[in-house]
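Have the sequence and the 3D view ready as you read.

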Amino acid sequence: MPLNISLSSLFYLVPLYLLVINPLLRQIYPSDPQLGSYRFDDDGDDVAEEETLLNLNPEVLSLDDGTPITCPDDNYRVHILSHAPLVIYIEDFLSGEEADALVDASIPNYTPSALFSSGVSNDSATPNIDTTRRLSDQALLPRTETVRCIEARARSFQGWKPHLHIERMWAQRYNVSGHYTHHYDWVGSAKRHGGDRISTFMVYLKAECKGGGTNFPMLRKPRDNKWCKFIECEENEREKEKREGVTFKPIKGNAVFWENLKADGSGWPETWHAAFPVEEGEKVGLNIWSWYQPPRWRRR
């Protein structure tokens, strides 16, 4: 009799597991823990996993080519400004020597900064010069040992996520009046084309300037006055009206990190940001963009 009861119970438990418990577990513990339920095709249907070779462009992405490097220990300090989206302020992300080395390496390579029709500077995007929206010079940095160590630091900071690639690094030089109007770094291509910029580091290499802050108008300013060391704190109501949200001060060696994408691959609207005009002097920034490119999938 006990055996019959056990078999009968098993008969009912199997469909319960297949139809109820297993789908629920797949929602709670998605197949890609790095980006939640991030595997959909253009129609929004589930797709089955099939890893294929990716067409990753080494002129756009800093791919691992086996070059050995010896890097210094990380000595940065972090302060979390926001959890959703994740925004982290990083003190001393670069040493003074590293920042100076990147500025020196950038000097011979500057050209006017361009806007791209797809939002991403890749080989299929169409460049456009529009100084009313973006006025700066940009320089592609050679992959010296210093640059490679910073690439490794950026990946390590994000937990060495699979399918995440650091884009080739660009220095951005802003002279007086130099600016970049509000924009997103993500373009919404994660679900449609399988890749997008998952995160951004904005690093300050040179900050001998007045103005030139990095503004996020949709972020909530923290109440703790200790943040005034890193962000602009208005002295009067008139200044408060001019500076919505959070504006980070340019400080040499420091960085702002933020995640561009939600777990489902859509972008965070709160990452709308701008480089305010430089009023005096010169600012040089470093863009470190992380491109998430999962394997391609096929329909079941």
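## Sulfur links

A disulfide here is a pair of cysteine sulfur atoms within 2.5 Å. By that test, cysteine 228 and cysteine 233 are joined, with an S to S distance of 2.0 Å. Before we go on: this is a predicted model, where local features need pLDDT of at least 70 and side-chain atom pairs count only at pLDDT 80 or more, while totals for chains, interfaces and linings use all residues. Residues are numbered from 1 along each chain as its sequence is written, and side-chain values use heavy atoms, with hydrogens and water left out.

How many disulfides does a search of the whole structure find? The search turns up two. The other one links cysteine 71 to cysteine 149, S to S 2.1 Å. Cysteine 71 sits in the loop between β1 (47-49) and β2 (77-83) while cysteine 149 belongs to helix α3, so this pair ties together parts that are 78 residues apart in sequence. Count the bonded cysteines along the chain and the pattern reads 1-2, 3-4.

## Handedness and cover

Which cysteines are tucked away? Let's call a residue buried under 20% relative accessible area, exposed over 50%, and partly exposed in between (1.4 Å probe, protein chains only). Cysteine 149 is buried, because its relative accessibility is 5%. Cysteine 71 comes out at 33%, so it counts as partly exposed. Cysteine 228 is partly exposed at 24%, and so is cysteine 233 at 34%.

## The whole protein

Time to zoom out. The protein has five helices and 18 strands; these are DSSP runs numbered from the N terminus, with helices (H or I) of at least four residues and strands (E) of at least two. Of its 300 residues, 41% count as buried.

Contact means heavy atoms within 4.5 Å. Among contacts between residues at least 6 apart in sequence, 80% join residues at least 24 apart.

## The nonpolar cores

A nonpolar core is a set of buried Ala, Val, Leu, Ile, Met, Phe, Trp, Tyr and Cys residues joined through side-chain atoms within 4.5 Å. The largest one has 31 residues, and Phe93, Phe201, Leu205, Leu286 and Ile288 touch the most other members. Elements giving two or more residues to this core include β3 (86-91), α2 (96-106), β12 (196-211) and β17 (278-292). There is also a second, separate core of 14 residues, with Tyr89, Leu219, Phe230 and Ile231 among them.

Leaving aside neighbours within four places in sequence, its contacts include Ile90, Phe93, Phe157, Val256, Leu286 and Ile288.

Which residues of α2 are buried? They are Glu98, Ala99, Leu102, Val103 and Ser106. An α-helix has 3.6 residues a turn, so residues three or four places apart point the same way.

On the other side of α2, Glu97 and Asp104 are exposed. The buried residues of α2 pack against β8 (137-140), α3, β10 (170-174), β12 and β17.
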